Amino acid sequence: RCAEARAIVRANTPVNGEYRLLTLDAPAEVLDCHPGQFFQLLCPEPEGEHPYLRRPMSIYGYDAEAGRLQFLYKVAGAGTRGLATLVPGDALNVLGPLGQGFTMEEGWRNLMLVARGVGLATLAPLARMAQQEGRRLTAVCSARRADLAMSVDLFRSFGAEVIVVHDEDGSSSPEALEALIRARIAAGGVDAFYTCGSSRLLRLLQTLGAEYGIPGEVAMEQQMACGIGMCQACVRPFREGDRRVQRRVCREGPVFPMAEAIL
Ligand code: FES
């Protein structure tokens, strides 16, 4: 169940040259979260810009016991510019948790997460879930530069094996990644894939998933307006068997079976 609540900023700090981490004290009614879900944040208005607007943001971390909620974001528009102005003690209206999160079927013992950029933040809560459920997780973290690979320490803290690949040439090229993933599959190490943040990675995992019969899930990134299934702004096509169907990313997603996504 989602709720609207007033959260209080605990910290709002840069984590590297591009991203900031927002930590909120939030009430229990919004903390029954699941990895892959998102919130609509009512971002403050930066001076001289649009009126208040809600912006969807995937959950980076949550802890119901501690009353904490975290978001990792890049300052990229009016909404996130507003968020960046928040200081400890400020209030922020949050609506959530929203959408359908990731699933982890019983037989999926060895998980492989392959993601890039801020997509890694969306997948971060999966690491804790994998550890709690006693699954093995390999996290392939792709970034433009090694120092921009996100969530690496967090993945490690939850027991994941982390492989960082980057564009300078550490090598995040499609050929190198494909070879790496094929080697893992050949060693019997992958029961399911998870991905977010890159069409190129999704396409690669779809191809390998189809070839080896490995299932997977993708968290789709999509422009949204209402975030609660009312406005149809987030509708996009998916594959269901031989049919093409329209689905609302905010409501039926944002997490979907990887094979159903149409790029
Ligand atoms: Fe309005 Fe999805 S954003 S229906």
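**Close-up views of a predicted model**

**View 1. Helix H2 is mostly covered, with 11 of its 14 residues buried.** Welcome to this predicted model! The buried residues of H2 include Gly119, Leu120, Ala121 and Thr122 at one part of the helix, and Met129 and Ala130 also belong to the buried set. Look for proline 125 as well: helix H2, which covers residues 119–132, has a kink of about 25° centred on this proline. Pro125 is itself one of the buried residues. After H2 comes glycine 134, and its phi is positive, near 70°.

**View 2. Seven strands make an open sheet.** To find your way across the sheet, follow the order S4-S3-S7-S1-S2-S6-S5, with antiparallel pairing. The edges are strand S4 (53–58) and strand S5 (61–63), each of which pairs on one side only. From one strand to the next, the twist averages 35°. What holds such strands side by side? Strands of a sheet pair through backbone hydrogen bonds, in a parallel or an antiparallel way.

**View 3. Strands S1 and S7 run antiparallel and are joined by six bridges.** Here S1 spans residues 3–14, while S7 spans residues 91–98.

View 4. Across the whole structure, a search finds zero disulfides. Is cysteine 43 buried or exposed? Its relative accessibility is 1%, so cysteine 43 counts as buried.

**View 5. Leucine 201 sits in helix H5, which is made of residues 199–212.** With a relative accessible area of 2%, leucine 201 is buried. Which residues is leucine 201 in contact with, leaving aside its neighbours within four places in sequence? They are Val114, Ala115, Arg116, Leu177 and Thr195. Serine 171 is 30 residues from leucine 201 along the chain, and 14 Å separate their C-alpha atoms.

**View 6. The chain is divided into two parts, domain 1 (3–98) and domain 2 (110–217).** The centres of domain 1 and domain 2, taken over C-alpha atoms, are 25 Å apart. Where the domains meet, 11 residues of domain 1 are in contact with 15 residues of domain 2.

Conventions. Residues numbered from 1 in each chain as written. Predicted model: local features only at pLDDT ≥ 70, side-chain atom pairs only at ≥ 80, totals over all residues. Heavy atoms only, no water. Disulfide = S-S within 2.5 Å. Buried < 20%, exposed > 50% of the residue type's maximum accessible area, 1.4 Å probe, protein only. Bend = angle between axes of the 7 residues up to and from the residue. Helix = DSSP H or I, 4+ residues; strand = E, 2+ residues; numbered from the N terminus. Pairing = 2+ DSSP bridges. Axes fitted to C-alpha atoms, helices over the stretch in contact; angles between N-to-C directions. Domains from an automatic or database assignment. Contact = heavy atoms within 4.5 Å.
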